Amino acid sequence: MMNTHQDSEQQLAASGPQAEAGEVFVDFEPVGRRGPCARGSTLLDCARLLGAGIAAVCGGHGTCGRCKVVPATDTVSGPTTIETTLLSHSELSAGVRLACQCRVLRDCLVTVPPESLSTPQRAQIEGLEVAAGSDPPVTSVEVTVSAPSMHDVQGDADRVLHAAGKGTATIDVAAARALPPLLRASDWALRLAIRDDEVIRVSNLSMPTLGLAVDLGTTKIAAYLVNMLSGEVLAAEGRMNPQIRYGEDVVSRMTHALTNEGGARDLCTSVVDALNEMTERLVASVGYTTDALVEAVIVGNTAMHHLLLTLPVDSLSRSPYVPAISAPMDIKARELGLRLSQGAYVHVFPNIAGFVGGDHVAALLAIDASPSGSPTLVIDIGTNTEVCLLANGRRTSVSCASGPAFEGGHIRDGMRAAAGAIEHVEISGDEVHVQTIEDSDPVGLCGSGILDTLAEMHRNGIVDRMGRLDTSHSRVKNSDRGKEYVLVSGEGRNGKPSIGMTQGDVRQLQLAKSAIETGIQLLLVHEQLAPTDLSAVVVAGAFGTYIDLQSAMAIGMLPELPLERYKQVGNAAGAGAKLALSSLARRREAVEIAARTGYLELAAEPTFMKRFVDNTYIAPFEMTEGD
Ligand code: FES
C-alpha cells in the first residue's frame, strides 16, 4: 500500500537555493529564514542578509549580549573572549553563542530564542472563546484545623482530610511533604486542591486554582493560562515547537527518534523545556508561580502525543500506522518533567488514528458541530491537514500530508508570520502590491502571502494550469537562483537578493494544495455529496485564520462556495483544550468524538493516486466525472 505521508513528504523534500563554493547554507529557526551566506561571516551578518531579525542592541559591537543564538554544534567558530565574558558558564555549556561573535564554518541550523528576536512572531493563539465548565476536575477547598496536643496526636494529613470531610481521600506524596511546615506557618488554615478523591496540592489560602491548556502543534505551540473556576483566560503565549531542529515534519522527527541513540529523549526534552519556559512566563505575567497550576490539558497530533510521552513510534511510522494508545491519559506532571504544582496532573487527549490525533478531537469538540446536522466540513490546515466531514449522521476524518509549504517551509523565500513577512499580494499586469506584517520592509513570504502569490500569478496568466512559469513575462527572471517570478526586486535592498516565487516553489505548492483537495474530494465521494451540498466549511488553524479564502478557492485548495458558508475560527484545537480543562463532561465528550469518528485512509482509496496527480493542476476545485 502506498504511504501517502511518507511519499508526499519525500516529494516535498527541501528545495531552495544551494550554497556555492565559499558559501554555506544557514537556516534560522523558528523564523524560517534560510539561504546561502559567505563562509566565515558572523551569524549576525547572515541574519541581516537573510532577514532573520536578531536583536542587536549594540549594533554588533559585542557589548550588549542581546544577540544570543544556539547554532548546531561544530558548525561555527569557538567562543571569543567577549562571549566568555558576557555569557554564563551554563549558557556556554548549553551551546548559547552571541551571533555577532561566532562565525559560520559549515552548513548551519541556528535556533533563535524568542528573547533574541528583534520583533516577536505572530503568536497565532486567537481562537474561539469558551465558557468555563461547571464540573471542573479539580476543586478547591479551604480548611482550618485545630493544632495537635498531647490529647490529640492525629497526623497532619489525617487531620486535614478529616476536617475537609474527605476522610477516605488520599494525598499526593509531594503535597504530604509540603503539608507539615505549611500548616504551622499558616496558622492551621490552608487551601486544598482535590482531584478524584486525591489531594494534589496544599497551599496557603491566597493561592489561586489555575490550569494550563496547550495545543502542541508540529510547528507551533500555543499555551493558555486559565482560571479553572471561572474559565477566564488570564494570559496566552505562542511559540515555535523547538523540535523543528530535528525536522520540520512528523515523519522526520519520528525518524530521528528511531534512528538516533537518545533521539526520542532529545525530542521529548526539547518540548518539555519549551513548555516549562512558557508556563513560567505565563504565571509570572499574572504575578504567580507554577504552584498556582493544578492541572494541564495537552492536545496534539498522534506523533506529537507519542514523542511527548516517549511512547514507541515504530508502529506509528509504518503501515498500518497504529498508535501505541488512543485512549486519553492522566499523568502526574512531574513524571513528564513538567513543572506544575506538587501533585498536579496532565490530561492528554485521546487520538483517533495514526495520523489523526487529539488536536483534531479538540477542534471538533470546540466547533460543536453535530453529524446529524446539515453537511459541514471542518479543515485544520497545518503541516498535516486534518479534514472532517460531518454528514448523514456520521463524522469521518482524513489526514492530508500537505507538508510545511503553506507555513513557509520548503519555499525559497518562505518564512513564519513575523514582521516583514509579506502576508497579502495583489498583481495587476507588471504591477505588484505587497502588504507586510507591521508594514516593515519585506524580508520573505508567510503562508497567506504564498497562497496569494500563487493565486494572483495564476489569475494574471504568469503561471499556467500545469504550474509552468511564463518566461516571457517581464517579472519572470532567470537568475543564478533559478527561474523565478520577482515580487520585490533586489535593487535598493542593500545587497540582499530579490523576493519571489521560484518554479520549484510552485511545484511544492501544487503538491500541498493537491493533498488537501484530494482529501476533501474523497470525503465527499465517501458520503456521496457534491461540494455545493456543504452548508458550512469551518477553517481552523493558525494559517487558516489569515488566508484569503478567494485565493484558496482560486487554486482549488478549497471548494468554490459562497463566502458566507465559510467560517475562519482560529485555533480551534486550543479552544477544545481550554473547554476540557475545566469540565469533566467535555472530556467525556472528547472520548465519544474520538471513538465515533471514522477514519478514511486515503492511500487505500483506489482513485487516490489519479486524483492526487490531477489535482496538482492549478484550477478551481472540481469533482471528477463519475463521482
Ligand atoms: Fe550586542 Fe552581539 S549585538 S553583543
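Ala-235 touches Ala-223, Tyr-224, Leu-225, Leu-282 and Ser-285, leaving aside residues up to four places away in sequence; contact here means heavy atoms within 4.5 Å. The model is predicted, so local features need pLDDT of at least 70 and side-chain atom pairs count only at pLDDT 80 or more, while totals for chains, interfaces and linings use all residues. Residues are numbered from 1 along each chain as its sequence is written, and side-chain values use heavy atoms, with hydrogens and water left out.

Ala-235 belongs to strand 12 (residues 233-240). Helices (H or I, at least four residues) and strands (E, at least two) are DSSP runs, numbered from the N terminus. The relative accessible area of Ala-235 is 13%, so this residue is buried. The term buried stands for under 20% relative accessible area, exposed for over 50%, and partly exposed for values in between (1.4 Å probe, protein chains only). Ala-235 and Leu-563 are separated by 328 residues in sequence and by 32 Å in space, C-alpha to C-alpha.

**Domains**

The protein chain is divided into domain 1 (5-116), domain 2 (138-203), domain 3 (210-348), domain 4 (364-403 + 512-573 + 599-614) and domain 5 (405-508). These bounds come from an automatic or database domain assignment. Between the C-alpha centres of domain 1 and domain 4 the distance is 38 Å.

**Strands and sheets**

Strand 1 (residues 23-29) has 5 of its 7 residues buried. Its pairing with strand 2 (residues 33-38) is antiparallel, over 6 bridges; two strands pair if DSSP finds at least two bridges between them. Within this pairing, Asp-27 is opposite Arg-34 in strand 2. The hairpin of the two strands has 3 residues between them, and Gly-32 there takes a positive phi near 80°. Strand 1 also pairs with strand 5 (residues 108-111), in the parallel sense and over 4 bridges. Here Val-26 is opposite Cys-108 in strand 5.

Elsewhere, 4 strands form an open sheet in the order 6-8-9-7, with mixed pairing. Strand 6 (138-144) and strand 7 (170-171) are at the edges with a single partner strand each, so one side of each has no neighbour in the sheet. Strand 8 (residues 189-195) and strand 9 (residues 198-203) pair in the antiparallel sense over 5 bridges, and Ile-194 is opposite Val-199 in strand 9.

**Nonpolar cores**

A nonpolar core is a set of buried Ala, Val, Leu, Ile, Met, Phe, Trp, Tyr and Cys residues joined through side-chain atoms within 4.5 Å. The largest one has 60 residues, and those with the most contacts inside it are Phe-406, Met-457, Ile-520, Ile-547, Met-557 and Leu-558. Helix 14 (residues 503-526) gives the most to this core, with 10 residues. Domain 4 and domain 5 each supply at least three residues to this core. A second, separate core of 43 residues includes Met-207, Leu-309, Ile-331 and Leu-336.

Within the largest core, Ile-547 touches Ile-381, Ser-448, Leu-451, Ala-552, Met-557, Leu-558 and Gln-568, not counting residues up to four places away in sequence.

**Aromatic rings and charges**

The whole structure holds 2 aromatic pairs. Rings of Phe, Tyr and Trp (its six-membered ring) pair if their centres lie within 6.5 Å; planes under 30 degrees apart count as stacked, over 60 as edge-to-face and the rest as tilted. Tyr-321 and Phe-355 have ring centres 5.3 Å apart and planes at 70°, so this pair is edge-to-face. The pair links distant parts of the chain, 34 residues apart: Tyr-321 is in the loop between helix 10 (314-317) and strand 14 (329-332), and Phe-355 in the loop between strand 15 (345-348) and helix 12 (358-367).

The charged end of Arg-195 sits over the ring of Tyr-345, 4.3 Å from its centre, and Arg-465 lies over the face of Tyr-617, at 4.7 Å from the ring centre. For such a case, NZ of Lys or CZ of Arg is within 6 Å of the ring centre and within 35 degrees of the ring normal.

**Further buried residues**

Ser-341 is in the loop between helix 11 (333-336) and strand 15, and touches Arg-201, Thr-290, Asp-291, Leu-293 and Val-294, not counting residues up to four places away in sequence. His-360 is in helix 12; with the same exclusion, His-360 touches Ile-352, Glu-386, Val-387, Cys-388 and Ser-397.

| Buried residue | Relative accessible area |
|---|---|
| Tyr-321 | 7% |
| Phe-355 | 6% |
| Ser-341 | 4% |
| His-360 | 1% |
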